[in-house]
Every structure is written in structure tokens, then in C-alpha cells.
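Hello,

I am handing this structure over to you. Please look through it first, then read my notes below.

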Amino acid sequence: LVGLGAVAVIPLLRTLDVLTLGEPAAVGLGVNHRRTVMLLFTIVSVMIAASTALVGPILFFGLIVANLAYSYAGTFRHVWTLPAAALIGMVCLLAAQIVLEQIFGFGGSLSMIIEFAGGIFFIYLVLRKAAR
């Protein structure tokens with residue numbers, strides 16, 4: 001389901017850039033805003049449900065991955081940021097699980113470590129935003 005959702009989003013990548021301009025601009029540029037947003041909500045809901053069923057709830061992981069993708073991609077264009085986010089997310093989860101199991105000998109609880117690191121990262125983002 002996650003793979004099918006990712007494939008379903010590929011034709012919409014350029015439309016996502018238009019949607020970031022806001023509803024009036026997107027409608028003015030010919031995007032059916034309501035239909036596109038509802039389609040995206042459906043795709044994202046199915047992908048999140050499947051991911052949560054497989055991996056478990058990892059609340060801050062999306063926050064970490066999205067910010068890393070924007071940093072490494074160097075742009076806000078979805079053609080670059082979404083594949084970067086998918087790659088960063090897969091690499092981070094796989095590498096962290098391998099390090100926990102093979103190096104430290106822990107059997108599970110990767111989500112607890114990600115939640116802890118994500119909470120710290122969230123506080124950092126809030127403080128950085130407040131400093132501006």
C-alpha cells in the first residue's frame with residue numbers, strides 16, 4: 001500500500017508545488033483544489049495506516065525526515081524533496097535498526113529512541129523559530 005501510494009503521488013508532484021501557493025492561486029492556475037486535496041488526503045491516510053501497522057507509531061519521525069529532506073534537497077520543489085524524504089526515511093530507519101541490533105545488541109525499541117531524538121529536535125525547531 002505504501003508503494004502504491006508513492007506511485008500514485010508521482011503524477012501529482014508538480015501540482016503539489018502549485019498547491020503550496022495557496023488555494024486562490026492554485027485555482028487561478030487551473031488546479032481543482034478540492035479534488036486534489038481530497039485525493040492527497042486519501043493517499044496519505046492509506047500510506048500512514050499501512051506504515052503504522054507495519055512499523056508502529058513513530059510520531060516525530062516525519063518531522064525529522066521532512067526537515068532533513070528540505071535541508072539536503074536545497075529546494076522546496078516536491079519533485080526533489082519527496083524522493084529525498086523517502087530515501088532519508090528508509091536509510092535512517094534501516095541504519096538505526098541495524099545499529100541497535102548488531103552493534104548495541106538491543107532487540108526492539110527503535111521507536112523510543114526516535115521519539116526522544118524527535119522531541120529534542122522539535123524543541124530545537126521551536127526555539128530557533130522563536131529566536132527569529
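A contact here means heavy atoms within 4.5 Å. Helices (H or I, at least four residues) and strands (E, at least two) are DSSP runs, numbered from the N terminus.

This is a predicted model, where local features need pLDDT of at least 70, side-chain atom pairs count only at pLDDT 80 or more, and totals for chains, interfaces and linings use all residues. Residues are numbered from 1 along each chain as its sequence is written, and side-chain values use heavy atoms, with hydrogens and water left out.

The overall picture: the chain has 7 helices and 0 strands. Buried residues (under 20% relative accessible area, with exposed over 50% and partly exposed in between; 1.4 Å probe, protein chains only) make up 24% of the 132 residues.

Now helix α4. It covers residues 33-55. At 1.5 Å a residue (times one less than the number of residues), its 23 residues should span 33 Å, and the end C-alpha atoms are 32 Å apart, which agrees. His33, Thr36, Leu40, Ile43 and Ala50 are buried in α4. The buried residues of α4 pack against α1 (2-9), α2 (13-19) and α3 (23-28). Glycine 56 follows α4, with a positive phi near 105°.

Last, the aromatic rings. The structure holds 2 aromatic pairs (Phe, Tyr or Trp rings, the six-membered one for Trp, with centres within 6.5 Å; planes under 30 degrees apart are stacked, over 60 edge-to-face, the rest tilted). In one, tyrosine 70 and phenylalanine 76 have ring centres 4.9 Å apart and planes at 40°, so the pair is tilted. Tyrosine 70 is partly exposed at 34% relative accessibility. Phenylalanine 76 is exposed at 63%.

Best wishes
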